[in-house]
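Please read this briefing alongside the sequence and the model.

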Amino acid sequence: MMSKHDFTTVSHIERIEKPTREEFQRNFLSPRRPVIITGVINDWNALSLWTANYLTTLFSDKQVDISVSQNSIFTGDLENGFANLKQKIQFSDFINILASKNKSDKFYYLQQQSIPTEFPEILQDIKLPEYFDKKLFVDPTIWIGSGGNISPLHYDAMDNLFTQVSNCKRFLLFDPQQTSLLYPFPATSKIPHMSQINIEKPDFEKFPNFQKAKYFECIVEPGEILFIPAFWWHQVYSLDNSTHELNISVNFWSKPPISQFLTPPGRRLAAQIPTLLKSAFS
């Protein structure tokens, strides 16, 4: 873990209970500050309903796309884009793998799939948090896995209300101004939003400036929302809990202000547009 290295933690993420929309936008959305929001989704049916049995009852025979990793890290590489394998299996088989007491030597993750498109039956179990402009929202997505899964250091190009439904996740976050310290893959690669650094075993000879990086750290518990502003770098760890077999999260995505494309990663993304347009129409 990063704690064994001599990094400087800036601080833990602030927790705030039931901020008004105006408070959230003034104190966090506008200044682009992460925050953990508590007490807002206590009435979600998902918090009590989304068990392995309930979800299997609804989706037993549904074919789902699952990511498979040999080493718990759901990552990519420069040559192949996302390197973890994709496997289409029945949902019930997926849940049985996660719940198995005889753990396999592989790790499995249902990653960022649209709830309205893929799992409309459970859309009624959640509610849209009222912190973003509804016109800017993108479909909510769901993550289902077990403890031990790691999403390596990366950024997203949209604002995210990351909502934890069951079990917990640990986050390390770096602000966009530290992009040069985090050694992202080239802007022309398939994964320009990902860092080349393995945080667990950083190569300081190859990436010396990473030693100067400062990070925020937090654990997001069931019923809590972590606001991750667009272009904030983050690494995510799925944690185990003795009372839950599944680790489930929901993302609520929103398009960020155009000003965020002036941040270092935002400028990198904007620089890709001519190349993307050329490939799209060639």
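F24 is buried in this predicted model, with a relative accessible area of 0%, where buried means under 20% relative accessible area, exposed over 50% and partly exposed in between, for a 1.4 Å probe and protein chains only. F227 is likewise buried, at a relative accessible area of 0%. Because the model is predicted, local features need pLDDT of at least 70 and side-chain atom pairs count only at pLDDT 80 or more, while totals for chains, interfaces and linings use all residues. Residues are numbered from 1 along each chain as its sequence is written, and side-chain values use heavy atoms, with hydrogens and water left out.

**Aromatic pairs**

- The whole structure holds 21 aromatic pairs, a pair being rings of Phe, Tyr or Trp (its six-membered ring) whose centres lie within 6.5 Å, with planes under 30 degrees apart counted as stacked, over 60 as edge-to-face and the rest as tilted.
- F24 and F227 make an edge-to-face pair, with 5.0 Å centre to centre and 75° between the planes.
- Since F24 belongs to helix α1 and F227 to strand β14 (residues 225-228), this pair ties together parts that are 203 residues apart in sequence; helices (H or I, at least four residues) and strands (E, at least two) are DSSP runs, numbered from the N terminus.
- Y155 and W233 form another edge-to-face pair, at 4.9 Å centre to centre and 80° between the planes.
- Y155 lies in the loop between β10 (150-154) and β11 (159-166) and W233 in strand β15 (residues 233-239), so parts 78 residues apart in sequence are tied together by the pair.
- Y155 counts as buried at 3% relative accessibility, and W233 counts as buried at 0%.
- A cluster linked by ring pairs takes in F24, F28, W44, Y131, F132, F137, F227 and F252.

**Charges over rings**

- The charged end of K62 sits over the ring of F119, 5.5 Å from its centre, the criterion being NZ of Lys or CZ of Arg within 6 Å of the ring centre and within 35 degrees of the ring normal.
- R170 lies over the face of Y237, 4.8 Å from the ring centre.

**Nonpolar cores**

- The largest nonpolar core has 39 residues, and those with the most contacts inside it are F24, W50, F91, F94 and I144; such a core is a set of buried Ala, Val, Leu, Ile, Met, Phe, Trp, Tyr and Cys residues joined through side-chain atoms within 4.5 Å.
- Helix α4 (residues 91-99) gives the most to this core, with four residues.
- Apart from this core lies another, of 18 residues, among them L181, L182, F207 and F231.
- Leaving aside residues up to four places away in sequence, W50 touches L55, I115, I122, D125, I126, I142, V165, I248 and V250, where contact means heavy atoms within 4.5 Å.

**Backbone points to check**

- K18, in the loop between β2 (15-17) and α1 (21-29), has a positive phi near 45° although this residue is not glycine, and K18 is exposed, with a relative accessible area of 51%.
- R32, in the loop between α1 and β3 (35-38), has a positive phi of about 60° and is not a glycine either, but R32 counts as buried at 9% relative accessibility.

**Overall picture**

- The protein has six helices and 16 strands, and buried residues make up 51% of its 282 residues.
- Among contacts between residues at least 6 apart in sequence, 82% join residues at least 24 apart.
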